[in-house]
Structure formats: C-alpha cells, structure tokens
Amino acid sequence: MNETAVFTKVAAELQIKPGQVAATAELLAGGGTVPFIARYRKEVTGMLDEVQITNVRDRLLQLAELDQRRGAIVKSLEERNLMTDALRVQIGKAETMARLEDIFAPFRPKRRTRATIAKEKGLEPLAEWVLAAQVGSGVDVAAEAAKYVKVDVEDELKVKTAEEALAGARDILAERISEEAGVRAAVRKIYEEEATVTSKVLMGKEGDTEAAKYRDYFEWSEPVTKVPSHRLLAMRRGEKEGYLMLRVTVPEDRALDAVKRLAVQGRGPAADQVGLAAADGCKRLLFPAMETESRLASKKRADAEAIKVFAENIRELLLAAPLGQKRLLAIDPGFRTGCKTVVLDAQGKLLHHDVIYPTAGSQAQVVEAARTVLTLVERHGIEAIAIGNGTAGRETEAFIRKLKLPAAITVVVVNESGASIYSASDVAREEFPNEDVTVRGAVSIGRRLMDPLAELVKIDPKSIGVGQYQHDVEQHALKHALDDCVMSCVNGVGVEVNTASKQLLSYVAGLNSGIAENIVAYRNENGPFRTRSELKKVPRLGEKAFEQAAGFLRIRDAAHPLDASAVHPERYALVEKMAAEAGCTVAELIRDEGRRKAIDLKRYVSAEVGLPTLQDIMTELSRPGRDPRKQFEAFSFVEGVEKPSDLTVGMKLPGIVTNVTAFGAFVDIGVHQDGLVHVSQLADHFIKDPNEVVKVAQQVQVTVTEVDLVRNRIALSMKTKPDFEKKDRKPGVGAAAGQG
C-alpha cells in the first residue's frame, strides 16, 4: 500500500483528514513526541490532540507491521518459485493480517501432516480427480481409487486398498479446504458473530479451596461478543491455574454447511467424498484453528479494555492533588515491629528517622511514642503528617489524632500501595544507600503526599494496584500504554528541572534515562540551571532533544520569566515583540492583565504561528507555570470504624476510590479491606462505564449494603436509596476478578 493510500485509510478510520495524518506522520518520523506535537504543533496537525496523535501513530505502526509481513510472505513465495501474478495481486490487496495469512496458508511450509503423507504416496492426482468429478455423473470412485493401490513398494508408500487411497485423497482435500481463503473467511465470520465462550470446572477440582474463587465460572456460558473483559480474563486465569476448562465454540452444523456450500459442487459419489473431506477438515483442522484464533482475538480485545481501564486509573492517580512543599512527618505503620517514622523537609529530603511503638507496645512505649512525635513536630516545624494505610494504619491515625498537635497540621492517611516495591528497588537503594527498606518505604509514603506524580514515577505502574488483571494482559502492550500515560501526565504538569529526580526527567518529551541522568549529574556538578538554554550544555542533550523537552521543563526564579512557563523557547522572540509593542517588559506583560487583553493576536499570525498557538501563549502568560492539578483537600475516615466487623448495613461513610474496573469501583473506607460499589450501585440512573461517575483518588460518600466477614467482602452503594437486598450479579466482581 503506497503512502497516500495509507494516509487516506487511516484518516477514514479515525475520522480526520488525510492531510492531518500526513503531517502527523512527518512530525513523528522527524523525531517528534506525542506531547510536543500536541502542544506545540497545533497548526501543523490541524489541532489534533494527544489521543488522536497517539491513534495515528499506533495505526501507522500496525499498517507498517502488515506491510512488513506482506514483504516476508512475498519473499518466501518468490524464493520457492511459488509466486504467480494472481497471487501477487491478492497479497497486495490484503488489508488485514488475517486475510494475508489466509492467502499464505496453503503455501506455508508445514510439518509432515496426513496430507503430505498422502501426497508422498502419490495420491494427489486422485484428489484432483475427485474434485473435478463432482460435476460429472455416473463416475466410479472406487474404480478410480483402485488404480492407486500399490503393494509392491516399501511400507511407508504402500496403498493396500481403494478405500485407503480414497482416505488419503480426502486427507489432501481436507487440508486444502481448511486452508482455502474464502472458506476461512466464511467460518471466521461465524466465529466473530456467533461464537460462545464456555467455562467448566475441571473434574476433581470442585472441592479445591483455591478453585472456590472461580466457582461463578464452574458452569458458565456467554456469547463472545458480549463477554466483558474482566469476565473473560477471570476465566482465562482460572484455566491457566488449572481449575477451569475454557472453550470457544460455534454451531458446528451451520459452520459445516457454510463450508460445504463453498467446497462441494454437484451430487454423486465424488461430491460425497468432498463432503466427507470437508467435514473432516473442519473438525480436525479448521474449527480448532478458528477457535484458537477466536480465543486470541477475544483476549486481545479484553486486554485492550483492561489496559484502557488501567491507564485511566494510573492517570487519575498520577494527577491526584499534591499537598505541595511542606515539612512533613511520614509514618509507615506496624504493630510488633513498630512504626517507622521519618522527617522530610519541604523538598522531600530525609532529615531524621526513628521507630515508635504507639499501637502494640507497653504503656510506657506508647507514652514515649507520643513524646517522640511531639518533639519532632516542634523541632522541625512539621506542617503535615502522612500515615500509610497498611497494617495498623487506622490505629496509628487514631493515636496521632489524640495528640495535642498544632491545629494547622494536616493529618492524612496515604495509600501506600507500591511503597514496599519502591523500598526494595534499585532506585531506592541509589537514593538511600545507607538506609534500610523500612526507612525508604516511609519516605515514599511522605513524598507521595507531597507530589504523587514525582514519587509514583519511580515505581513500576503494575505494582501500584489500580489495575484489572494487569498481570494477565499482553505485557508489551501494557507497558506501551502505561509509558504513554505517564509521559502525558508528566508533560502535562511540567517538571522543575532543578529538583526533579532522574526518573521523573526521563519521562519528559525528548529525554530518556541516559539524558536524564546526565541532567542530574550536570546539576550536581555545576549547581542549579539558571536558564533553559543552559540545558544544551548537558552531554547528549542535542538540538532535537532540547526542542522536544524545553517547553515542559521549568526553571523557577530564572533570569528570563518565560523559563518558568510552558511557553516554548522558540516563541520567546514573539512574546518579547508583543511586550515591546505594548511598551513593557515580558515580566510586566505577565503581571498586567490589561496589557495582555489589549494585544490583537491576529497581528502576530504568521506562516509558522497561528491563533491556536497564540491563544496558548496568552493563556500561559496569565498563569505561568501553574500546576494544572486540583487543589489538595484533606480527608479523614470515620473514627471508630477500623475493621470490617465494625461495619453495619446502612452505615454511611466517607471513602476514597482506590480502583475503577469495568464492573464497578473499589473504595477504601478505612477498614483495611476495600469495599466494592458495583456498577449498578454507582448512581440512581443507569451507568454503562464506571468512569462516567468515579475516578481513582476521588472522595465519595457510600452506604454499606452488605458485609461478608467469611469471604472478607464488603458491598457498598452510592445511590440515594441503596439496594440492601442481595443482588444476583453476573460473575466477575469478587476476588478472582478484582484488582490484579
């Protein structure tokens, strides 16, 4: 497919203009990143946003892979002298990978099959005769087959009877029919439209304790077109763990009839042989191949949905409101081993660490813990206290709130998911080589309160706990999507180059881990960057990397006021011209709203700069470097409700959304076990997608509708009038289909 055809095809699929696709493709080919193109090349792409640019990029990659496979198939056929003009045309017109593979199927090098053995015995001419004889009448199939009986040759080439000859001919025809592109397309359509996924418990596993989490799927059947991603992934996990048997089937009689309509011509003995071959080919070859293909296709769709859910949750978590630069006391709670307590300065630097025993120690240890906390608060001018929400979290929170702390101190329970992963990571060891994992974990808890984005980028997103079957989906696709998500968040917020970690810097458009490390090394050796242009002195940070990254890097208190903003250095001259014509400096233009409003932007439109970019510049001048994230709001759980047994049906509680899945939202209500608000309980009206109503890290009010202490499950509702009676819900809302 030529370039113009590719751009036209992608444009039609994404409902944009071919010119927009072409322009985006050129920018991407030139090393442009999605955030940079979306932010600083709006006129070039015709105002495409990040999502549209990402879709263009990914679709172009898919089509490039298709063309790469097309080339490999052509080469294979040419090398084996199998290429024909008709075949070349077919291959050139194939628009999907499935169609391409169908065309190649008859020519694909194979292992030794029943058909190849029959060919070795010289039975291919008989198979051809049977095909041709379908339209004849009065043919004697047995007599024709008898001509191929051979008993005076070595054993593996012997054909002892006419029936054996016919069986070999049918083997050849069965393989040929099952590989015919038109036949495969017809059966594939039936699988796509009518397939059913069925799950059964494996014999002998019914009473297995571990299998119990899959009991909803012990006898389950559902159309493939309707099965939601979480349910399919749950069944596949049960199959992988050896508790379930999973099948994807279609009405075989209907599928076989469709095949026979294409393969069998006429009536009579020869047509009967072709019919038998078609039935055998379907049962032995085609249906199993289509089932495998259908399983892979449905898995791919389920993966895409799960990855989308995960990426949306990660985005909300990364963009959660930061507390900001505050002097902080952070506590990683514990019972027997005590609570690791750290003091961080406003930049997140570790100043002090200690261990206190407020929850499982003696009375003397509790008193000493109170004394230690109050001393640290006074000595370091603590402005906020962060407490991890793990084991002993609520008990530690209760202890802290009982202390006579200054009223201005904010006490916050922080979701510590992933903190233990960070504490044992290479990143943590590099940051704190002389501290143990408990200290590192407490630091992570404190820092993620200050700035969730800056801290969470140090952790593998899969370990953060806001996904849905993230370990079951295709890992390359997951990483690709999450990297896009993190990069979008980091560049959307912007990065203070003089304080950012190398992990955070590595997600800035145009940079990578190596350049990020060089930026930190340069900063450590030469002191803080004073201008954006100084970044060009960093080893390996060339002109292209600078172009892509500069607009997303901030330098607070820089000599040039625009260095702290999202205005790109390539537009500094334009802003300086505006300021000069307004009779003021750039700094005065930023401060003076009246002068900004007096500017006629149309006067500054040029071939390179259009109104969209000019409007972005004026917006940025009105609030240079402003953090786009929401303002932080303190949150606290209800006192006295600390474990599931404290809950009663009808109780109304505040909570924080910890995970959003296709079937509902998990909410932390402070009892060490998240409750589930099923999608049917999220609102008083019908909700198809939970993301319409809730986001990760959102504060919500819920009502307890059910408490199952045996299975450690809590059902919640966000309805005005909750449904308290137990509902019969489709499977996929419990531990087996939950978070991870």
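The lining of the second largest cavity comprises nine nonpolar residues, with no polar and no charged ones. In this predicted model, that cavity has a volume of about 30 Å³. In total, two cavities of 30 Å³ or more were found.

The largest cavity has a volume of about 80 Å³. The residues are Arg39, Tyr40, Ala566, Val567, His568, Arg571, Thr613, Asp616, Ile617 and Glu620. Two helices, H3 (34–40) and H29 (611–622), each supply at least two residues of this lining. The most comes from H29, with four residues.

An open sheet is built from five strands. Their order is E6-E5-E4-E7-E8, and the pairing is mixed. The edges are held by strand E6 (350–356) and strand E8 (410–414); each has a single partner strand, so one side of each is left without a neighbour in the sheet. From one strand to the next, the twist averages 20°.

Two helices pack on this sheet. Helix H16 (residues 363–380) touches E4, E5 and E6. The direction of H16 makes about 170° with that of E6. Helix H17 (residues 393–402) touches E4, E5, E6, strand E7 (384–388) and E8. The direction of H17 makes about 155° with that of E7.

The antiparallel part of the sheet involves E4, E5 and E6. Strand E4 (residues 328–332) and strand E5 (residues 339–344) run antiparallel and are joined by five bridges. Within this pair, Leu329 stands opposite Val343 of E5. E5 also pairs with E6, again in the antiparallel sense, over six bridges. Here Leu344 is set opposite Leu350 of E6. E5 and E6 form a hairpin, with five residues between the strands. In the turn, Gly348 has a positive phi of about 90°.

The parallel pairings involve E7. Four bridges connect E4 with E7, and the two strands run parallel. Leu328 stands opposite Ala384 in E7. On the E8 side, E7 and E8 run parallel and are joined by five bridges. Gly388 lies opposite Val414 of E8 in this pair.

E7 is mostly covered, with five of its five residues buried. The cover extends to both faces of the strand. Ala384, Ala386 and Gly388 are buried on one side, and Ile385 and Ile387 on the other.

A further open sheet has three strands. The order is E2-E1-E3, with antiparallel pairing. Strand E2 (219–223) and strand E3 (244–249) stand at the edges. Each has a single partner strand, so one side of each is left without a neighbour in the sheet. Neighbouring strands of this sheet are turned by 15° against each other on average, direction ignored. Strand E1 (residues 196–201) is joined to E2 by five bridges, and the two run antiparallel. Thr198 stands opposite Ser221 of E2.

Ile555 is placed in the loop between strand E10 (553–554) and helix H26 (572–581). The relative accessibility of Ile555 is 1%, so this residue counts as buried; the cut-off for burial is under 20%. Neighbours within four places in sequence aside, Ile555 is in contact with Glu496, Val497, Asn498, Phe529, Arg530, Thr531, Arg532, Asp563 and Ala564. One of these contacts, Phe529, is 26 residues from Ile555 in sequence. The C-alpha atoms of Ile555 and Phe529 are 7.2 Å apart in space.

Glu144 lies in helix H10 (residues 141–146). Its relative accessibility is 14%, and Glu144 therefore counts as buried. Residues up to four places away in sequence not counted, Glu144 touches Leu126 and Trp129.

Technical notes: Residues numbered from 1 in each chain as written. Predicted model: local features only at pLDDT ≥ 70, side-chain atom pairs only at ≥ 80, totals over all residues. Heavy atoms only, no water. Pairing = 2+ DSSP bridges. Axes fitted to C-alpha atoms, helices over the stretch in contact; angles between N-to-C directions. Contact = heavy atoms within 4.5 Å. 1 Å grid on protein atoms, 1.4 Å probe; cavity = no way out; pocket = protein on both sides within 12 Å on 5 of 7 lines; lining within 4 Å. Points joined across faces, edges and corners; volume = space filled by probe spheres on them. Nonpolar A, V, L, I, M, F, W, Y, C, P; charged D, E, K, R; others polar. Buried < 20%, exposed > 50% of the residue type's maximum accessible area, 1.4 Å probe, protein only.
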